[in-house]
Amino acid sequence: MLINTHGWRRYAQDEVNVFNGKQAAAIPEKSSDVEGFVLDNKGRPAALKVYLFADTGKVYETYSNKEGYFKFTRTHFERDAWLVAEGRKNREYTIKNSVTDLKEVAGRKGSLKLAAAESREIAPLERPKNVPPEVQQQVAALSLESDSNELNEVVVVGYRSTSRALSNVAVTTVTSKTIEGRPNASFMQTLQGQVAGLTISTGSGQPGANSTVILRGYGSLNGAVEPLFVIDGVPLSADNFRSLSPQSIESISILKDAGATAIYGNRGANGVIIVRTSRYNGGNGIMLSKTNRYSYRNIARNNSKKLSVPATFYVPVYKTTETDEKTDFRNCLYWNATVQTNAEGRAKFDYYNSDDTTTFTIVAEGTSGKGDLGQAKRSYTVMEALQSDLKLPLYATVEDIIKIPLWLKNNSEKAITIEAVLESDPHFSASAERQSITLDVHEARTVYFPVTVIKTGNALTVKVKITSGSHTSTIEKPVDVYGKGFPVSVAFSGTKSTSGSFTIAKPLENSLKSGLKFIVNPYNELSNGLESMLREPSGCFEQVSSSNYPNIMALQLLDAKGGMDADFRKRAMGYLENGYKKLKDYESKGGGFEWYGGDPGHEALTAYGLLQFHEMKGFIDIDTDLVKRSVKWLNSRKDGKGGFKQHQGKYGFSSIKDVVNNAYIVYVLSETGEKGFEKEYQAALAEAQDSRDVYRMSLMALSAYNLGDIPMYKKLMGIIRQDTDGKDYNKIKVEQTVVHSYGTSQTVEWLSLYALAIMKEGKVTQQLLAALDHIQSCKNRGGFGSTQATALALKAVTSFAKIAQHTPSQPEVKAVVNGTTLNTGFDASGNIAVNTTENIATGKNSFSVIIEEGRMVPFLFYVDHMSYVPNNSPECLLELKTSLSTAKVKISETARMHAEVTNASRNVVNNPLVRIGIPGGMSPEPWQLKELVEKEVVDYYEIFGSELVLYFRQMGPKETRKINIDLKAQVPGQYLGIASSAYLYYNNEHKNWNSGLAVEVTE
């Protein structure tokens, strides 16, 4: 039985997985997972191939990782399954699993660092028919080799072979010669009369009916009378035994006495039939090699772990059909694989509808007793006596007026009076919170609650309570509220004592927020860096990749220093795995990776991906084939002259010099341990020395150290010190970075690489401390600049935390704002925090941050507010214009939004970005957005909160791009979108702003 499932044919669930402490409204399918650990005889983890043989005839395969951990997902068996670990012939292994060793497995999982490899179901092998001799030879090469021992000298008992003279078990052996000498329709008929006490009968007497095998008589009162069947060392079902081909059997051994129970436990109570095949193990698609040793573990079903087939579907049970609050909005209401009809073809089943008032479809699919297929559909509509719905915009801006529509319909046969109450909330001001509505029979009407937005907040809840007679219900919907005006941020950071002043000019009411934090918890530095990246759009490969880096660094720091709490580690692992899945989607069809997954790939970007995959593999399982493909493609791009070919033009970032990409690729290859690029290394090395470009020299210094060329490493470091010591880092010229960053981002990138090169020596020098202090001074609320700059800065900071001497005592710090010494405390992350908001004044402000002498303590002092005046940077290379075709639009109609972005410079610019604030109550048409990409007007887009973000790979000198998008009106009210902006992604401190788009949506 299937209802409104959009084509799903399987659904299972027994419990709710809670995410972020919130109860799920509808519970997802729960698969039957089996996980565990493979250990050697000393209890150490072992990385091996692991099989799961189910009594349904299915076989699953996976690998245990370096910690011995494995996991099979979506497996199903009826009564028994067997885990098999494939190891060396002279080694024995123990398999711990979540079915029979639940507590031990749970304990070991608590310290896991690596994720499990993916499992897969192995398709059964089909016997080839009438194949040519050469193909037959290939098939035979996959077969299990037969022993050189004569079969009449060897008997198989348990999981080993022994001679008949040494065996103490009553065993009868039937050889392949006996089977071949007595041709029958089934080899089971051949066994009849060959073994004393073995009875084979067909219950129905019908030709082709299954045979029943009984050994030693009826030994069970529960109906389980058949013996245990072991095929090629693996216990399988009777159906697998019956389906064996006589030509594949090498020998059959029958154990009848108590020795069978001694070897196989109570599963051998009815005797054991052991089959050794010459070709394959029962058609399960597995070839077991005699050069390996197989360790086994039975996971028989018991009451502690239920793995049901078919899977069960979650159906809520309610005490009443009346609901006070609508929270159940399941899509699939009911699913049952075994609905049995009566003689009239009728069946009865019960389920509860969700809180949705909509149309559902029942789909019944089945077979008759004769095997005839049938299907029927029936639709029905759920209507409450009183239907109601509330519609809210997804987002709004402070001072917006939202006319919240409440739709009501009376489905009863009499007129009703309804009381509707809008619950008060400090974020909104309502002109009327209560309305009384009278509806005639079957009348529908929409009433409105006008509210003014007065405070910002995320996922704010709007609730309306509806009462009519004994009927009471509550509808609640979320909305995000953003600040009005233009964002302004002032930030000061560093590691040493400092003083300064700043001016706050006419901030918008209630928009000012300020704080000071001294970071003494290194993991919080990484967490803050990650959060700052997540606050920025991340549509391309580099941005997704860089946003993933803090998780790697946090886990690396954990290995080096310890001290990370379990929740932080869990979140980092989760982000890391999700990031890896996203990154794989950017692979180009022709090889390598590209900024938006296009073709052809980009050489330097592919190298960046390889570097991250290399550092990821210490914590999660990485697709080795993906890495090999990328390395192979990168090697294919060698030009034979000591460099790498560069894809030019629109998709290749033609404005980035070959020498920059070459140096970066060589650096990555040296970091990942690749070989065979000596020619490219020498060429990049010579070019970097000639250029005296600190970015390329830092890359090549790192490369030289990685490759063991210490004299060249020292020479390059000497040149960099000579060119940078005592100078203003911001004024040191860098020709280009690999992402063509500018300004602060560019400085942070080269300086972080330089700091990493200094730390290769394992010493804390004055040059290192000066570099780190400047890097910290570049920090703001958005990180250290672009994603690339922030990732490299965090890598430098993390590397320093690994080698720096730990100071156990808390540092002495003090904060003074406008002459007032402020109290310090500790936040939830263990850092020293100061609330400075109440001490910030309009106009000029002064501050002092005082840190104990001799200590380096990273700090960030910020003041954020909204302003009526845009903070347009004269150094921004882009100009943006936005407008709407009309200031007033009716519900369900559209208003055309026009955006125009211009490269004001005379040079090609890379990664321009446009962020357009969409007014509340309006939404862009998805088909138009897709069309913009297809027509190459934009290269990528995403909806980021209340903004439409448009990405461009590059723009030519003085080039203008024009974008037209229709916005559809959905909720009435007066709205102002947040301010729109344009900037270069890798120079995000310089932006060009536009006022937010204003519109009135009428009924």
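A salt bridge (a side-chain nitrogen of Lys or Arg within 4 Å of a carboxyl oxygen of Asp or Glu) joins the side chains of Glu35 and Lys109, with an N to O distance of 3.2 Å. Glu35 belongs to strand 2 (residues 34–40) and Lys109 to helix 1 (residues 102–109), so the pair ties together parts 74 residues apart in sequence. Helices (H or I, at least four residues) and strands (E, at least two) are DSSP runs, numbered from the N terminus. Glu35 counts as buried, at 14% relative accessibility. Lys109 counts as partly exposed, at 32%. Here buried means under 20% relative accessible area, exposed over 50%, and partly exposed in between (1.4 Å probe, protein chains only).

The model is predicted; local features need pLDDT of at least 70, side-chain atom pairs count only at pLDDT 80 or more, and totals for chains, interfaces and linings use all residues. Residues are numbered from 1 along each chain as its sequence is written, and side-chain values use heavy atoms, with hydrogens and water left out.

The whole structure holds 29 salt bridges. Arg896 and Asp966 form one of them through their side chains, at 2.9 Å, N to O. This pair links strand 41 (residues 894–903) with strand 48 (residues 960–969), distant parts of the chain, the two residues being 70 apart. Arg896 is partly exposed at 38%, whereas Asp966 is buried at 15%. Arg445 pairs with Glu443, their closest N and O atoms lying 3.1 Å apart. Arg445 is partly exposed, at 33%. Glu443 is also partly exposed, at 24%. Lys657, Glu687, Arg696 and Glu735 are linked in a network of salt bridges.

Glu443 is also in contact (heavy atoms within 4.5 Å) with Asn410. Asn410 lies in strand 23 (residues 401–410) and is buried, with a relative accessible area of 0%. A polar atom of its side chain lies 2.8 Å from the backbone oxygen of Lys414. The Asn410 side chain also reaches the backbone oxygen of Leu439, at 3.5 Å. Beyond four places in sequence, the contacts of Asn410 include Ala385, Ile416 and His442.

Beyond four places in sequence, Tyr664 is in contact with Ala604, Ala607, Tyr608, Leu611, Tyr695, Leu699 and Val738.

Notes
A polar contact is a pair of N or O atoms within 3.5 Å; within protein, one must be able to donate a hydrogen and the other to accept it, and residues adjacent in sequence count only if both atoms are side-chain atoms.
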